[in-house]
Amino acid sequence: MFNSNIRVLFPFKIVAVLLLFIGTVSCKSTESTKSDETASSSNKSELEELYWEKVEQSRMDFTEADVKFMRGMIAHHAQALIMSRLAPENNAGAAVQRLAARIINAQKDEIASMQQWLRDRDQPAPKIQIEGLDLYIEIDNEPFTSYKKMPGVLSQQKLEELAKAKGTEFDRLFLKYMIEHHAGAVHMVDNLFGTDGAAQDEQAFRLASDIQVDQRTEIDRMQLMLDDLPESG
């Protein structure tokens, strides 16, 4: 009787022990998984924090030459907007009008990027106001006129000459002056890259490199367009 009870109870005991064991293991496994998830989440959080610290540090890795370049190039680009806006109203050829529209789109975006770059680093960004052929630029409520001495910037006399030209004559002058203007911008980038410690900031380097590549490409394109124009009478 006793042995019989043992035989009957034994399987139930085994099952109970196994269930208890499985339950314990399962609980430990769940705890372990939760622990792993918590550790993983903590590591991820630390990595994210480290990443943003690095981003913030990289933003502070700039020089006065970078700031000067951004401010100057914003003004330089602003004059290109004045020149390009003349194309439709001065009966420029279709190719020159398409080029002028591309220049406006590209340089407006780059102006916004450079202004944001300065603001992100707590540096005053130039404010631009265009009225016809006149360009007004302020930095911290002070007029910023030194840009007029930068390479490629057209004198007011040349701007007025361009504004009076029509049709093919406008195309010729626009291409000639915009080639000079772009060459000036490329020179400014070369000067930045040649300055010790400048353009170490990743974003500044990328902005300057894009300007250099885009404007060199457009200089080649504009030279071909200029060569294809009929001789002036």
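This is a predicted model: local features need pLDDT of at least 70, side-chain atom pairs count only at pLDDT 80 or more; totals for chains, interfaces and linings use all residues.
Start with the layout. The protein holds six helices and three strands. Read from the N terminus, the elements run α-α-α-β-β-β-α-α-α. Of the 233 residues, 36% count as buried. Contacts reach across the sequence. Take those between residues at least 6 apart: 77% of them join residues at least 24 apart.

Three of them form an open sheet in the order 1-2-3, with antiparallel pairing. Strand 1 and strand 3 stand at the edges and have a single partner strand each, so one side of each lacks a neighbour in the sheet. Strands of a sheet pair through backbone hydrogen bonds, either parallel or antiparallel.

Look at the first pairing in detail. Strand 1 covers residues 127-131 and strand 2 covers residues 134-139; five bridges join them. Gln129 stands opposite Tyr136 of strand 2. Ile130 stands opposite Leu135, again in strand 2. The two strands form a hairpin with two residues between them. In that turn, Gly132 has a positive phi of about 65°.

Move on to the loop between strand 2 and strand 3. Asp140 sits in this loop. Its phi is positive, about 55°, although Asp140 is not a glycine. Is Asp140 buried or exposed? The cut-off for exposed is over 50% relative accessible area. Asp140 counts as exposed because its relative accessibility is 56%. Asn141 lies in the loop between strand 2 and strand 3 as well. Asn141 has a relative accessible area of 63%, so it is exposed. Along the chain, Asn141 and Pro124 are 17 residues apart. Their C-alpha atoms are separated by 9.8 Å.

Next come two helices, starting with helix 3 (94-120). Helix 3 has 27 residues. From its first C-alpha to its last it reaches 39 Å, close to the 39 Å expected at 1.5 Å a residue. Its buried residues are Val96, Leu99, Ala100, Ile103, Ile104, Gln107, Glu110, Ile111, Met114, Gln115, Trp117 and Leu118. An α-helix has 3.6 residues a turn, so residues three or four places apart point the same way. What covers the buried residues of helix 3? The cover includes helix 2, strand 1, helix 5 and helix 6. Just after helix 3, Asp122 takes a positive phi of about 60°.

Helix 6 spans residues 202-228. This helix has 27 residues and also reaches 39 Å from its first C-alpha to its last, close to the 39 Å expected at 1.5 Å a residue. Its buried residues are Ala204, Leu207, Ala208, Ser209, Ile211, Gln212, Gln215, Glu218, Ile219, Met222 and Met225. The cover over the buried residues of helix 6 includes helix 2, helix 3 and helix 5.

Is Ala199 buried or exposed? Buried means under 20% relative accessible area. Ala199 counts as buried because its relative accessibility is 9%. Leaving aside neighbours within four places in sequence, Ala199 is in contact with Asp66, Leu192, Phe193 and Phe205. Ala199 and Asp61 are 138 residues apart in sequence. In space they are 9.1 Å apart, C-alpha to C-alpha.

Finish with open space. Rolling a probe the size of a water molecule over the atoms shows where empty space is left. The largest pocket has a volume of about 380 Å³. Of the 16 residues that line it, the closest to its centre are Lys68, Phe69, Met150, Met188 and Asn191. Which elements give two or more residues to the lining? They are helix 2 (64-89) and helix 5 (167-193). Helix 2 gives the most, with five residues. By class, the lining has nine nonpolar, five polar and two charged residues.

Methods
Residues are numbered from 1 along each chain as its sequence is written. Side-chain values use heavy atoms; hydrogens and water are left out. On a 1 Å grid over the protein atoms alone, a cavity is a set of points where a 1.4 Å probe fits but cannot get out, and a pocket is an open set with protein on both sides within 12 Å along at least five of seven lines; lining residues have an atom within 4 Å of a point. Grid points are joined across faces, edges and corners, and a volume is the space filled by probe spheres set on the points. Helices (H or I, at least four residues) and strands (E, at least two) are DSSP runs, numbered from the N terminus. Ala, Val, Leu, Ile, Met, Phe, Trp, Tyr, Cys and Pro count as nonpolar, Asp, Glu, Lys and Arg as charged, and the others, Gly among them, as polar. Two strands pair if DSSP finds at least two bridges between them. The expected span of a helix is 1.5 Å times one less than its number of residues. Buried means under 20% relative accessible area, exposed over 50%, partly exposed in between (1.4 Å probe, protein chains only). Contact means heavy atoms within 4.5 Å.
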